[in-house]
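Hello,

Here is the structure I promised to pass on to you.

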Amino acid sequence: MSDFIRANLPYLLAGISVGGQYALIAIGYTMVYGILRLINFAHGDIFTVAAFVMVYMNATMPLYISLPLTAAVTVALGFAVERVAYKPLRTAPRMSIMISAIGVSYLLQNLMWYITGGLAKQYPTIPWISSSVTIYTATTKMVTLVTPVLTLLLVILLVQLINHTKIGMAMRAVSKDFETSKLMGIRINQVISVTFIIGSFLAAVGSMLYFSNYTAVTPVSGAMPGLKAFVAAVFGGIGSIPGAVIGAFIIGICENIIKALGLTTFSDAFTFALLIIILIFKPSGLFGEAIYEKV
Amino acid sequence: MKKTRITLIVLFTLCALALIIFSLSVKDSLPGLLDRMDAEQTATQDDKMLKARDRVLESIREGDRSKILRNLERYTSGWADRLDLNGEIGLELFFFRNGPSLTALGLFLLAAAVAMALSVLDRKGRFRKAAPPLMLIAAVYTGVYILENVVGSDSMLMTVLEKGAIFALIAVSMNLLNGFTGLFSLGQAGFMLIGAYTYAIFTIETGTRPQVYQYYAGGLVQFTLPALVSIGLAGLAAAFFAFLIGLPVLRLKSDYLAIATLGFAEIIRAVFQYDGLGPITNGSNLLRKFATYDTVLFPFVIAGVCIALIALIINSTYGRSFKAIRDDEIAAEAMGINLFRHKQMAFVISSFFAGIGGALLAMYQTTVQAAAFTSAMTYEILLIVVIGGMGSVTGSVIASFLFVAASEWWLRFLDNEQMIGSFQVPLLRSGFRMVVFSVVIMAVVLFYRKGIMGDRELSIKRLTSRLSLRKGGLKNG
Amino acid sequence: MMKKWIALAMALMLVLPLIALGEQIKGEITIGIYEPASGPNGAGGKQETLGIYYANFVAPTVQLSDGVYKINLVEVDNQSSNDKAPSAAQTLVSAGASIVLGSYGSGVSIAASGIFDDAGLVAIGLSCTNPQVTIGNPLYYRICYLDPFQGTVLANFAKDEFAAKKAYTLAQLGNDYDVGLAYYFTEAFKGLGGDVTGETFPLGTSDFTAYLTSAVNAGAEVIFSPTSTEFASQIITQAAANGVKVPILAGDTWDSSVILDAAKGTDLSVSVSTFFDEGDTSSAAAEFVTGFKAWLNANPDKLANNGGNDIVAAVSALGYDGYMVALEALKKADSADREDIAEIMADVTYTGVTGAIVFGENGDAMRDQAFIKKTNNADGSWIFVKVQSIAK
């Protein structure tokens, strides 16, 4: 038994850690989708930009400035993307706005490629969370343990915000019925901006945790985690924050179990297979509300 | 009016015949031309030039036209200071070089003359309506053929044309789905992959299989099919997979469909790289040494035929049903259109042509590997469709040529440092091209949402009427 | 200070003959550089390109029978990606290159081979070690050793040095270099009586802990991971963070300062096989090393492209040799014509800083030795271990 644990504990730890990081990205997807019915394809790239901002900031300033500043820049970027690329298309068909999201993702990736020269950059070491720690028999980085705790903490805060504040109420209203809430005097644009700000902030935190663990940053580093976080959001029921978090942890852990079984070629494919199965049998996900087409 | 037309017809016919006869007659004059060049050369024999002359003779024996031309080019450039290339020899050389182009031009003029003659005779006017677009297409093909002969297939222009034609087919196939049927699918790269692999697997020469499948003892497939058959198979294989995938996926709505098809494309990619399938797909290694084409006309013809077929489908009853589904699913269903069957049909047809496009892409690249068919490729094609206009076949075609030309050729200079005098232009370095390019794309997406063509088609009639309108406007103003 | 003087002296040496020959330059000959400057192999590609530019700095012209020609280098970035490779290769063909050098990374070389072949353009592979690069491609030549050889060398080394009976290989899915070298290592290691478990990871993987755990669980005594440097640094840092103490072994791509930086301060054992050793004391090699370092240090941009230090990578030496071989070919053909060069290429010989280059079967240089180096984790440098060769 102890042998079994010794052999498999590292997989589980990796799964939980990755799951927590996916969760932080997934929340951004799920909130935006809940309100705008938009798959924000650029979200994964905002996550990567946050990492590069950190790399460049940290080269010139101390950590206690660069960390908050990175979060601020990321939030500003998320806000700007919404204002520039999504807001003008609010009345356009949904396909147009999704294409715009793809366009933004394309632009951000190319921009990062241009600025970094397409080479991997080393993510700065954040003291304490980058140090090694031994649990039972497995050695890992502190960030592995910090991630799930921090994730849960942030989620609880977020749920409080949504359930008990005025802006939270507005967000719920907008996601229930876009048109009616507009008529009720809710300032839609403000609500949407707040959504993007929260999503980008969480992506920035997620990026700090993720890249402290996996220290090489490339312009496409965020693409796969981004896609998987999206799958997690769908899996948990898009629009539902606890759903996204649980979905993310399930996907993170399952992915590592697949790898442990030696089916590494299919570790990414598995995630998508899971997505398709969920979509076919329960399109609203684990916790999502069923959406009825209005005629 | 009629008189001028008849004069034109006669003039065209005469020109055409002259061109054809003349260009065909100079074809055999090559050895004579060489003799005359020898006679005119005055300097002493020099080893290098003798060797060059031997090469010309050898390539004439082999009969490889492009090789003859290349060697001749070298021979004459070596002699440039001793030969009078402006005189008779120069003229003859010119005709030898451009013989096929002149023949093609002649044939085109002849066809134009015939078409005009038919239009004059045609009382009902049906032919008169069809003639201009047909002539335009003929002009494009003749132009491509002549260009290839004049600038050579190594030039960037030809590369852009090749790739543009291939992407045009793929973009039109995606447009059929996204623009005409309203199904937002992001699985195009997956179907291209299936097509490219099917084509490559069946056309690798048996003798070279052990080299290609070096880790899998030469692979399982031990026969070779003709290229055209394999292209057809490539389309069928993609269509078959689309049929299977469509069964569950097509029940999903809009963005769920998008993400599910995207997921399937990723799964297909993983499956094709799976080691266990190595004897067939060569695992994660490249496939190479399969049959490719040697003239730019090949992808043009295949893509042209396929696009024409898609256009016919779009203008058929099925096409109208597709558009009805796009505009309003519920209304379409109420009108008696079987939603699932029609969606499935659009999905399978689109994938069929994406498969063929994949096969052509493989031929263009000369090697193929599953790792390249990522979602980024799908996004690029989607952007082409958007730039051209959702729901416009000609828009997709024009946009794909523009897209390829801009990304591969026109914007290349942005990737290199440039000096204007002693001033170094800032920002220009590797990667800037793609930044500018994506900004342009974003501008189109945001400000010209309809793209180049919107959902209309390019029509000569409208173009000419607009031109004449503008003239009229000037007169009035 | 000393370095500056050397650089100045070299610059003068370069300029003086140019002034003397200035009027006699008859024309330009274009040599294409087909290398990655971005993507997972970008760091290595840049170092190889530096070697070529240094060679061009040393020998900027070539003397043909009818005069002196200036060499014009045209560089194109294949982005380490097989799908960008054909259009990059096409750019060189259209630019009128007489001969092409590259690439770092076998996959992109194989992907471009068809394009070069169609254009009748000779390409000289510098550090692409997969056999597929030259097999069936009559115009692709290569100046380094091949993977069947390298895999065997490393398998022997794993057995001799670590007495390993069980190995774990980790390769990137869809990367011809990785998968090929892992394959030959596995074959050789099994031939020596060992046992191998192999896994592949998809492009875009960041989390290697699961793979490292699998290696430990499989009881591996050595991990063989012939990946690109981008993944290498992840693998090393994660192995260190997760307390995986199994020695790591890799091929020529890992001969890079990226590895040294990643391994610095850890207690890992990282060994690589490579083409050239900086400490080589033969006169040609020593001269190259001093000259190259001075050239690098004179220009901060170049130093940055080398990874921010002046450690001489083996691929830079190969880049240098490759350029010189190309000049030899031009001289031998006495022409800049692609077809003339193709005709004589097989007979070109050259003794470069990485040893004698004579093309044998398939246009591969006959090489029978590899240098094995190990990281010095205290100060981030290489320790030369030995020259290993195998009886064929």
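In chain C, C:Asn376 stands opposite C:Ser381 of β15(C). Before going further, please keep in mind that this is a predicted model, in which local features need pLDDT of at least 70 and side-chain atom pairs count only at pLDDT 80 or more, while totals for chains, interfaces and linings use all residues. Residues are numbered from 1 along each chain as its sequence is written, and chains are lettered from A and ligands numbered from 1 in the order in which they are written.

Back to that pair of strands. β14 (residues 370–376) and β15 (residues 381–388) of chain C run antiparallel and are joined by seven bridges. Helices (H or I, at least four residues) and strands (E, at least two) are DSSP runs, numbered from the N terminus, and two strands pair if DSSP finds at least two bridges between them. β14(C) and β15(C) make a hairpin with four residues between them, and C:Gly380 in the turn has a positive phi of about 65 degrees.

On to another partner of β14(C): strand β11 (residues 270–274) of chain C is antiparallel to β14(C), with four bridges joining the two. Here C:Ser273 is found opposite C:Ile372 of β14(C). These strands belong to an open sheet of seven with mixed pairing, in the order β8-β7-β9-β10-β11-β14-β15 (chain C). At its edges are β8 (195–201) and β15 of chain C, each of which pairs on one side only. From one strand to the next the twist averages 25 degrees; axes are lines fitted to C-alpha atoms, for helices over the stretch in contact, and angles run from 0 to 180 degrees between N-to-C directions.

**The six-stranded sheet of chain C**

Chain C also has an open sheet of six strands, ordered β2-β3-β1-β4-β5-β6, again with mixed pairing.

C:Ile25 has C:Val68 as its bridge partner in β3(C). Helix α3 (residues 85–94) of chain C lies across β1, β3 and β4 (99–101) of chain C, at about 160 degrees to β3(C).

**Domains of chain C**

Chain C is divided into domain 1 (2–145 + 278–359) and domain 2 (147–274 + 371–388), with bounds that come from an automatic or database domain assignment. The centres of domain 1 and domain 2 of chain C, taken over C-alpha atoms, are separated by 28 Å. Their contact takes 20 residues from domain 1 of chain C and 21 residues from domain 2 of chain C, where two residues are in contact if their C-beta atoms, placed from the backbone, lie within 7 Å.

On the domain 1 side of this contact, α2 (42–58) and α4 of chain C each supply at least two residues. α4(C) gives the most to that side, with three residues. By class, the side of domain 1 of chain C that touches domain 2 of chain C has eight nonpolar, 12 polar and no charged residues. For these classes, Ala, Val, Leu, Ile, Met, Phe, Trp, Tyr, Cys and Pro count as nonpolar, Asp, Glu, Lys and Arg as charged, and the others, Gly among them, as polar.

**Where chain B meets its neighbours**

Which elements of chain C give two or more residues to the side that touches chain B? In this interface, 28 residues of chain C are in contact with 25 residues of chain B. The elements in question are α3, α4 (106–118) and α6 (176–191) of chain C. That side of chain C divides into 13 nonpolar, 11 polar and four charged residues.

Chain A meets chain B as well, with 35 residues of chain A in contact with 33 residues of chain B. α4(A) gives the most to the side of chain A that touches chain B, with 15 residues. By class, that side of chain A has 26 nonpolar, seven polar and two charged residues.
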